[in-house]
Amino acid sequence: MTSGMNEASTPLAPAAPLLRAEHLSKRYRLPRHHLWSPAPEVQALDDVSFELAAGCSLGIVGESGSGKSTLARLVMALEPPSAGHVWLDGENVHALDAAALRRARNKLQMVFQDPYGSLDPRRTVLQTVAEPLAVLHGAGRLEQREKASEALDAVGLRPTDLTKYPHEFSGGQRQRIAIARALITRPRLIVADEPVSALDVSVQAQVLNLMQDLQERYGLAYLFISHDLAVVDLVCDEVLVLQHGRVVERGNPDRLFRAPEHPYTQRLLAAAPQR
């Protein structure tokens, strides 16, 4: 007989994170005060590291100027870091050539703060939602219409809305259109930069519920950037608190928002409006 020790299987290694940021820093040069003086610099991010597993949500919170949106731009490879790396599904996104980065963007999409400002008022919903398919896949018109119709249905809008323009929709509906555009390539990660802050409170709840439903349906991961602690508490599995570009506290929202350890987190909670 074979011994039980020999029969024991080797434990499975933990899955690699979908997104990994390693020691990210970003400095911006400011205008010179005098012609011969060195250009001053501002440190927008300073040695930020984190991991995000597939299907999970990571919240990034902090005041204006804390580095939240800079972090989003680095993760999206819209800007290069001054130091550090961003790994998406095992690939260093800032080391990819243009063609490889275009392929990587199938896995990575973004939803912006202002749904009206992020939608071109001169383009129909079909043109807006299908744009990533046309740019990243070279999809034909029939495929664009079919996929756009599916994306609208997923966010609670009708296929007949494809021919309309952004001004014909409410703020919440416009954000649903922006989410549909992000969904159309079936990404694994969505970076949501203040996605409900421009909406009324009642509409915020509808959009947040939609995002959670889509996460369950498609296995999405969210990098959720917000100054609203209540929103992050509702939708995120883990939270990073940024102050002046540095992570000052991190943890499960149940712990972090009920027993914060860092004075800055305590001040954020004390200043948050009670709902």
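This is a predicted model: local features need pLDDT of at least 70, side-chain atom pairs count only at pLDDT 80 or more; totals for chains, interfaces and linings use all residues.

Numbering goes from 1 along each chain as its sequence is written, and side-chain values use heavy atoms, with hydrogens and water left out. When I say helix or strand, I mean DSSP runs, H or I of at least four residues for helices and E of at least two for strands, numbered from the N terminus.

Back to α7 itself. It covers residues 201–218, so 18 residues, and reaches 26 Å from first C-alpha to last, close to the 26 Å expected at 1.5 Å a residue (the expected span being 1.5 Å times one less than the number of residues). Which of its residues are buried? Val 203, Gln 204, Val 207, Leu 208, Leu 210, Met 211, Leu 214 and Gln 215. They sit on the same side of α7, because they cover an arc of only 155 degrees around the axis, taking directions from the helix axis to the C-beta atoms. Buried here is under 20% relative accessible area, exposed is over 50%, and partly exposed is in between, with a 1.4 Å probe and protein chains only.

What covers that side includes β3, α5, α6, β7, β8 and α8; contact means heavy atoms within 4.5 Å. α7 lies across β3, β7 and β8, and runs at about 155 degrees to β8. Angles go from 0 to 180 degrees between N-to-C directions, with axes as lines fitted to C-alpha atoms, for helices over the stretch in contact. Helix α10, residues 263–271, also packs on the sheet, touching β9 and β10, and its direction makes about 100 degrees with that of β9.

Now the sheet. It's open, with six strands in the order β6-β7-β8-β3-β9-β10, and the pairing is mixed. Edge strands are β6 and β10, each pairing on one side only. Two strands pair if DSSP finds at least two bridges between them. On average, neighbouring strands are turned by 20 degrees against each other, direction ignored.

At the β6 end, β6 and β7 pair in the parallel sense over four bridges, with Val 111 opposite Ala 192 in β7. Leu 108 and Met 110 point one way from β6, Gln 109 and Val 111 the other, and all are buried. Then β7 and β8 run parallel too, joined by five bridges, and Ile 190 has Tyr 222 in β8 as its bridge partner.

Go on to the loop between β8 and α8 and you find Ser 226. Is Ser 226 buried or exposed? Buried, because its relative accessibility is 3%. A polar atom of the Ser 226 side chain lies 2.9 Å from the backbone nitrogen of Asp 228. Leaving out residues up to four places away in sequence, Ser 226 touches Ile 60, Val 61, Gly 62, Lys 68, Glu 194, Val 231 and Val 232.

Lys 68 takes us to α2, residues 68–75, where six of the eight residues are buried, so the helix is largely enclosed by the rest of the structure. Lys 68 is one of those buried residues, along with Thr 70, Leu 71, Ala 72, Leu 74 and Val 75. After α2 comes Ala 77, with a positive phi near 60 degrees.

Key
A polar contact is a pair of N or O atoms within 3.5 Å; within protein, one must be able to donate a hydrogen and the other to accept it, and residues adjacent in sequence count only if both atoms are side-chain atoms.
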